[in-house]
Amino acid sequence: MSHDNQKNHLKAYGIVYYSLQQGIKAKWLLNYDGGAFLIENNPVIEKECKIRGVSYQIISTAKSALILEEISSPSKNQEAVTLEKAPKIAVYSPKDKMPWDDAVTMVLTYAEIPFDVVYDEEVLSDKLLLYEWLHLHHEDFTGQYGRFYGAFRTAPWYIEGKKRSEKLAAKLGYGKVSQAKLAVSKKIRDYVVGGGFMFAMCSATDSFDIALSAEGVDISEAMFDGDASEPSYQSKINYNKTFAFKDFQLIRNPTTYEFSTIDMTRKRRIPKTSDYFSLIEFSAKWDQVPTMLTQNHTQLVKAFMGQTTSFDRNTVKSTVLVLGENRTNREARYIHGTKGKGMFTFYGGHDPEDYTHRVGDPKTELDLHPTSPGYRLILNNVLFPAAKKKKQKT
């Protein structure tokens, strides 16, 4: 899985997932050859590698034993993690969304990793209990329709989307979309607390935490929910209810394409040509989860924008691990934490291979980016629930 040895990093994850589905043993060799996978030799897997265009090497039992012995050395920041079972995956997304509206949906499809689509009805009826891993599509959990009002309030897609959301909220028994989304957010919170793994990108990250923090507080203006917000709602925000963020200020102007001061998009002054973030190195033997989540063939990853591009370090709780950051701009790009028995990962930006993805832009063709480091981080999250883990040190 190094830069030079693998011609399709993304589909390699699909091979590992397929192996686990077939009951074939696999190990993840953390920090070894770019985070390589050691899979029990089987003609079925070899055939799939050839079909999918994934680079592989057949080695002897003796050679594999030597590799594992080398990795086990205390002097090596490496570890071999056993992968036990292919996690069942759900993507929280409106049924009418196109696959290219979401990077996770695209890369799962490209890597040939199966998933189910769930939305508000399934979440509220406890269908999440059927899944080990949940991805949140670029949703607005505050009920403010993505804050698109300022630029797109007359666009047919915005008007129709608002009507659909209101209709669904009423069907579910709620008078406002914000109330329905809060109920969904709390169900997702309970899913994680109970032991689920949650991954979110872009606006699903901060809007999810904002929704939880504003429980019982009206933060939506009349154009969103039919009545005015509470005059002093900022003072009623409860940061104790959030997963990752603290001390943020909500953006009150409804025409501003921004939720709060968590996001760094409007504060950034970084040229595209030098916009990168670095992955932080962890102890593979002691901190296996963050090490798995940062496996890559490069430590420097090309950055990309989104409605929520990155997170102001001043708003990130001290209990949350920063996995990827731009230190010069004091922004976190990729963060991870625990909640109850479960875990969550937030990844800033919309599409790792589309720097400034905008409404209506064409989809990213992943055939052109089979070795994408930014997309590889997403797949780390998909696969790590399959691992047998040790207790974290940090």
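Trainee: Where is D247 found?

Mentor: D247 is found in the loop between α10 (222-225) and β8 (276-279), where helices (H or I, at least four residues) and strands (E, at least two) are DSSP runs, numbered from the N terminus. Keep in mind that this is a predicted model, in which local features need pLDDT of at least 70 and side-chain atom pairs count only at pLDDT 80 or more, while totals for chains, interfaces and linings use all residues. Residues are numbered from 1 along each chain as its sequence is written, and side-chain values use heavy atoms, with hydrogens and water left out.

Trainee: OK, and what value is phi of D247 near?

Mentor: Phi of D247 is near 50°, which is a positive value in a residue other than glycine. D247 is also partly exposed, since its relative accessible area is 49%, and the scale here calls a residue buried under 20% relative accessible area, exposed over 50%, and partly exposed in between (1.4 Å probe, protein chains only).

Trainee: What about N31, what is its phi?

Mentor: N31 has a positive phi of about 65° although it is not a glycine. This residue, N31, sits in the loop between β1 and β2, and with a relative accessible area of 30% N31 is partly exposed.

Trainee: Switching to T294, why does it count as buried?

Mentor: T294 counts as buried because its relative accessibility is 6%. Its place is in the loop between α11 (288-293) and β9 (300-302).

Trainee: Which residues is T294 in contact with, leaving aside its neighbours within four places in sequence?

Mentor: With those neighbours set aside, T294 is in contact with L279, I280, F282, L323, Y334, L377 and N380, where contact means heavy atoms within 4.5 Å.

Trainee: And R333, buried or exposed?

Mentor: R333 counts as buried, at 0% relative accessibility, and its place is in strand β12 (residues 331-339). R333 and D312 are 21 residues apart in sequence, and from C-alpha to C-alpha they are 9.1 Å apart in space.

Trainee: Now helices. At what angle do α1 and α12 pack?

Mentor: α1 and helix α12 (residues 373-383) pack at an angle of about 10°, with their axes 9 Å apart. That makes α1 roughly parallel to α12. Axes are lines fitted to C-alpha atoms, for helices over the stretch in contact, and angles run from 0 to 180 degrees between N-to-C directions. Angles under 35 degrees count as roughly parallel, over 145 as roughly antiparallel, 65 to 115 as roughly perpendicular, and the rest as oblique.

Trainee: Which residues make the contact?

Mentor: From α1 there are H9, L10, Y13, V16 and L20, and from α12 there are Y375, R376, L379, N380 and L383. By class, the contact of α1 with α12 has seven nonpolar, two polar and one charged residues, with Ala, Val, Leu, Ile, Met, Phe, Trp, Tyr, Cys and Pro counted as nonpolar, Asp, Glu, Lys and Arg as charged, and the others, Gly among them, as polar.

Trainee: How do α8 and α9 pack, at what angle?

Mentor: Helix α8 (residues 177-193) and helix α9 (residues 203-213) pack at an angle of about 100°, and their axes are 9 Å apart. That makes α8 roughly perpendicular to α9. In α8, the residues L182, S185, K186, I188 and R189 meet F208, A211 and L212 in α9.

Trainee: Changing topic, how many cavities of 30 Å³ or more does the structure hold?

Mentor: The structure holds two cavities of 30 Å³ or more. On a 1 Å grid over the protein atoms alone, a cavity is a set of points where a 1.4 Å probe fits but cannot get out, a pocket is an open set with protein on both sides within 12 Å along at least five of seven lines, and lining residues have an atom within 4 Å of a point. Grid points are joined across faces, edges and corners, and a volume is the space filled by probe spheres set on the points.

Trainee: What lines the largest cavity?

Mentor: The largest cavity, with a volume of about 50 Å³, is lined by Y119, D120, S165, L168, A169, L172, V177, A180 and K181. The second largest cavity has a volume of about 40 Å³, and its lining includes T142, Q144 and R147.

Trainee: And how many residues line the second largest pocket?

Mentor: That pocket is lined by 40 residues, of which F37, L38, I39, Q57 and I59 lie nearest its centre, and about 970 Å³ of space lies in it. α3 gives the most to the lining of the second largest pocket, with five residues.
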